[in-house]
Amino acid sequence: MERDNNDGNNEIEEEKEEELFKNDIEESLRESIDNLQKISIDKKRIRKIDESKKRAAIDSVFDERTIIQLNKLLTNGTLERIKGIISAGKEANVYLAYDRQGKEVAIKIYKIDSNTSKWMRNYIIGDPRFKKIPNNISKIIYLWASKEYKNLKRAHAAGLKVPEPIFIKNNILIMEYVGFGPTPAPKLKDIKHLKDPTIILREISIFIKTLYLDAKLVHGDLSEFNILYHNQKPVIIDMSQAVSIQHPKVEVFLVRDIKNIFNFFLKNGLKDLDPESFYYEIINETKKR
Ligand SMILES: Nc1ncnc2c1ncn2[C@@H]1O[C@H](COP(=O)(O)OP(=O)(O)O)[C@@H](O)[C@H]1O
Ligand SMILES: [Mg+2]
């Protein structure tokens, strides 16, 4: 290949530029993360703050590798901007971000935590999709995050209303955002007056059944806390713990999911609900197939 004589110089220039660009990104990433963690930034003061203290504050939620990974996503154009936090949970935080087309996406970042990784093992053990179970804390969390990605993929492929998963790397999951503009959709539990509870219950029942019969999964943590209400339709989220129907405890999970949902609708005024026959409807249908 022919090479321009100037190439050497250009390369040095490019490297310098890239370095500056990287520093820039790093700075804006740190600021984003400071914002995300609701640390108020006073730009003049922040320069005086001991760098290691600032670092420690970031590290309490995100480990170094997560920061590097987020940095990469911002540098390589996968993400344009991380706007702010939607939810701070025990196991994960969820953020609103924008992709390079300016479209909203939701980023779920799992925390690397040894207590979390302990109970996660119980859900992974017994699932035939996960034969090798790692000992390492980070690796269990990465496996957990990839489990959520795969479960969402399977549910989405079965035509169910879940956020479409877009990207997974280590403990970072990017998925379709559910909401209008910067306002994320409310959880079902926060809807004061459900317009048509019978229809919503029917839609959630179809979700449970199709997830079992077609996607061959059981959600395992289904309740009004993990259902968003968007465009007058239920959108089911939080699928990391969902298990394959081969899992030895699958029946316990299915019964629990059905009970949670039916109880919620009982509290919301529906009468004559029969969760038991709904359970048998699913089981009998499986035997027929
Ligand atoms: N794709 C999404 N779009 C909009 N909001 C979301 C999305 N995923 C999660 N959220 C919000 O973040 C909260 C926590 O997400 P969830 O997956 O339930 O994690 P966890 O309960 O483990 O903290 C949800 O209750 C919801 O308010
Ligand atoms: Mg949840």
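Trainee: What kind of crossing does H7 make with H9?
Mentor: In this predicted model, H7 passes H9 in a right-handed crossing.

Trainee: Which residues make that contact?
Mentor: From H7, Ser205, Lys209, Tyr212 and Leu213. From H9, Phe278, Ile282, Glu285 and Thr286.

Trainee: How do those residues of H7 and H9 divide by class?
Mentor: Four are nonpolar, two polar and two charged.

Trainee: And the geometry? At what angle do H7 and H9 pack?
Mentor: About 25°, with the axes 10 Å apart. Helix H7 covers residues 197-213, and helix H9 covers residues 275-288.

Trainee: Are H7 and H9 parallel or antiparallel, and why?
Mentor: Roughly parallel, because angles under 35 degrees count that way.

Trainee: Next pair. How do H8 and H9 pack?
Mentor: The angle is about 140°, and the axes are again 10 Å apart. H8 is the helix at residues 250-267. At that angle H8 and H9 are therefore oblique to each other. Their crossing is right-handed.

Trainee: What does H8 bring to the contact, and what does H9 bring?
Mentor: H8 supplies Leu254, Val255, Ile258, Lys259 and Phe262. H9 supplies Pro275, Phe278 and Tyr279. By class, that contact has seven nonpolar residues, no polar ones and one charged. Phe278 of H9 also sits in the contact with H7.

Trainee: That leaves H7 and H8. At what angle do their axes cross?
Mentor: Roughly 175°, and the axes come within 10 Å. That makes H7 roughly antiparallel to H8.

Trainee: Which residues meet there?
Mentor: On the H7 side, Pro197, Leu201, Ile204, Ile208 and Tyr212. On the H8 side, Leu254, Asp257, Ile258, Ile261 and Phe265. Nine residues of this contact are nonpolar, none is polar and one is charged.

Trainee: Switching to the ligand. How many residues surround ligand 1?
Mentor: There are 20. The closest are Ser87, Gly89, Val94, Ala106 and Asp238.

Trainee: Which elements give two or more residues to that shell?
Mentor: Strands E1 (79-88), E2 (92-99), E3 (104-110) and E5 (172-176).

Trainee: What about domains? Which ones does the shell draw on?
Mentor: Domain 1 (62-180) and domain 2 (185-288). Each gives at least three residues.

Trainee: Last one. What is the class make-up of the shell around ligand 1?
Mentor: It has 11 nonpolar, four polar and five charged residues.

Technical notes: Residues numbered from 1 in each chain as written. Chains lettered and ligands numbered in written order. Predicted model: local features only at pLDDT ≥ 70, side-chain atom pairs only at ≥ 80, totals over all residues. Near = placed C-beta within 6 Å. Helix = DSSP H or I, 4+ residues; strand = E, 2+ residues; numbered from the N terminus. Nonpolar A, V, L, I, M, F, W, Y, C, P; charged D, E, K, R; others polar. Domains from an automatic or database assignment. Axes fitted to C-alpha atoms, helices over the stretch in contact; angles between N-to-C directions. Parallel < 35°, antiparallel > 145°, perpendicular 65-115°, else oblique. Left-handed = near helix turned anticlockwise from the far one by under 90°. Contact = placed C-beta atoms within 7 Å.
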